[in-house]
Amino acid sequence: MNQPSLAGARRALILRRVVIAILSTLLAMTGGACSLVAPKATAVADDAGRQVELKGRPERIISMAPSNAEILFALGLGDRVVGVSNYDNYPAEAGKREKVGDALSPNFEKMVALQPDLVLAVGTAQSEIVKKLEGYKINVFILNANKVKDAMADIRLVGRITGTSGKAGQLAEAMEKRLAGVEVQVASVPADKRPTVFWVLDRMLYTVGPGSFIDDLITLAGGRNIAADAKQDYPQFNLEALIARDPDVIIVPLIDRTLLDQLKAMKGWDKLKAVKTGRVYTVDPDIVSRPGPRIVDGVQTVAKLLHPDVVK
């Protein structure tokens with residue numbers, strides 16, 4: 001049996017030391033993150049309270065809501081977005097991704113074909129889309145902001161599950177600072193001096209009730225929702241009831257470009273104080289209804305309309 005030579009043994013020892021030194025350097029450079037074994041799955045709670053198990057960072061993501069797409073692109077994750085809902089249109093690049101339907105009418109066949117490792121959905125744990133995708137063994141993570149400030153929490157959450165916590169934290173913090181600035185300016189207006197607001201959802205005079213996302217936005221912007229005492233999330237007024245409450249301001253998100261003309265054509269519309277004083281305003285529905293990176297723009301826009309002499 002041949003024995004290794006002394007020189008050979010020394011070369012092997014030197015080689016071993018070099019390998020150990022290289023591995024040590026790599027570990028030091030990565031803060032210990034370098035691992036020779038597959039990463040362990042991490043469970044993260046989504047907005048529906050579900051524990052979603054994630055293995056490494058997702059590389060193929062589908063957005064099922066415009067706000068989710070806006071968050072993903074704002075965090076620099078556009079190259080990982082392989083599919084979006086029919087309504088995802090911002091930024092413009094989001095609209096170029098594969099369309100996979102929407103929350104009410106999803107195209108499951110296309111979604112499965114895209115082989116996502118994460119779907120960012122909205123809704124609840126009982127939503128049909130969530131149940132179906134779980135059946136396909138696709139990871140679904142639900143975002144469901146009920147308040148304006150929940151949007152910043154969701155941005156941080158998306159940062160956590162996509163490996164972009166630093167950028168998400170910076171974005172959320174900047175939004176919080178801007179929102180705090182609006183709140184400080186609005187705080188100078190006494191509560192009983194703040195204008196009453198009617199928020200038009202459609203020509204049937206449906207509006208937003210207490211606890212809704214828009215109700216929270218109106219309050220943050222320094223307004224008083226005339227439907228704040230409603231028993232429903234989205235109550236309906238008739239014109240007589242609207243005239244009886246006679247809001248100081250009427251806000252019309254222009255989802256339908258003909259909506260304002262339809263309202264003006266209503267018999268008795270011109271009797272409203274807001275109409276007589278020229279305080280019927282239109283706003284971009286995308287910036288006031290999406291709990292994403294632009295929601296503070298929405299709050300600030302409405303606050304300026306309600307308090308033009310106070311909010312800059």
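Guide: Of the 312 residues in the chain, 43% count as buried, meaning under 20% relative accessible area with a 1.4 Å probe, protein chains only. This is a predicted model, in which local features need pLDDT of at least 70, side-chain atom pairs count only at pLDDT 80 or more, and totals for chains, interfaces and linings use all residues. Residues are numbered from 1 along each chain as its sequence is written, and side-chain values use heavy atoms, with hydrogens and water left out.

The chain has twelve helices and eleven strands, taken as DSSP runs (helices H or I, at least four residues; strands E, at least two) numbered from the N terminus.

Now the part itself, helix H6. Helix H5 (residues 148–162) packs with H6 at an angle of about 170°, the axes being 7 Å apart. The two are therefore roughly antiparallel, a term for angles over 145 degrees. On the H5 side the contact (heavy atoms within 4.5 Å) includes Met-152, Ile-155 and Arg-156, and on the H6 side Ala-168, Leu-171 and Glu-176 are among the residues involved. By class, this contact has eight nonpolar, three polar and six charged residues.

Helix H6 (residues 165–186) also meets helix H12 (residues 295–306): their axes come within 9 Å and cross at roughly 15°. That makes H6 roughly parallel to H12, as angles under 35 degrees count. In this pairing, Met-175, Arg-178, Leu-179, Val-182 and Val-186 of H6 meet H12 residues including Ile-295, Val-299 and Ala-303. The contact of H6 with H12 has eight nonpolar, one polar and two charged residues.

Key:
Buried < 20%, exposed > 50% of the residue type's maximum accessible area, 1.4 Å probe, protein only. Axes fitted to C-alpha atoms, helices over the stretch in contact; angles between N-to-C directions. Parallel < 35°, antiparallel > 145°, perpendicular 65-115°, else oblique. Nonpolar A, V, L, I, M, F, W, Y, C, P; charged D, E, K, R; others polar.
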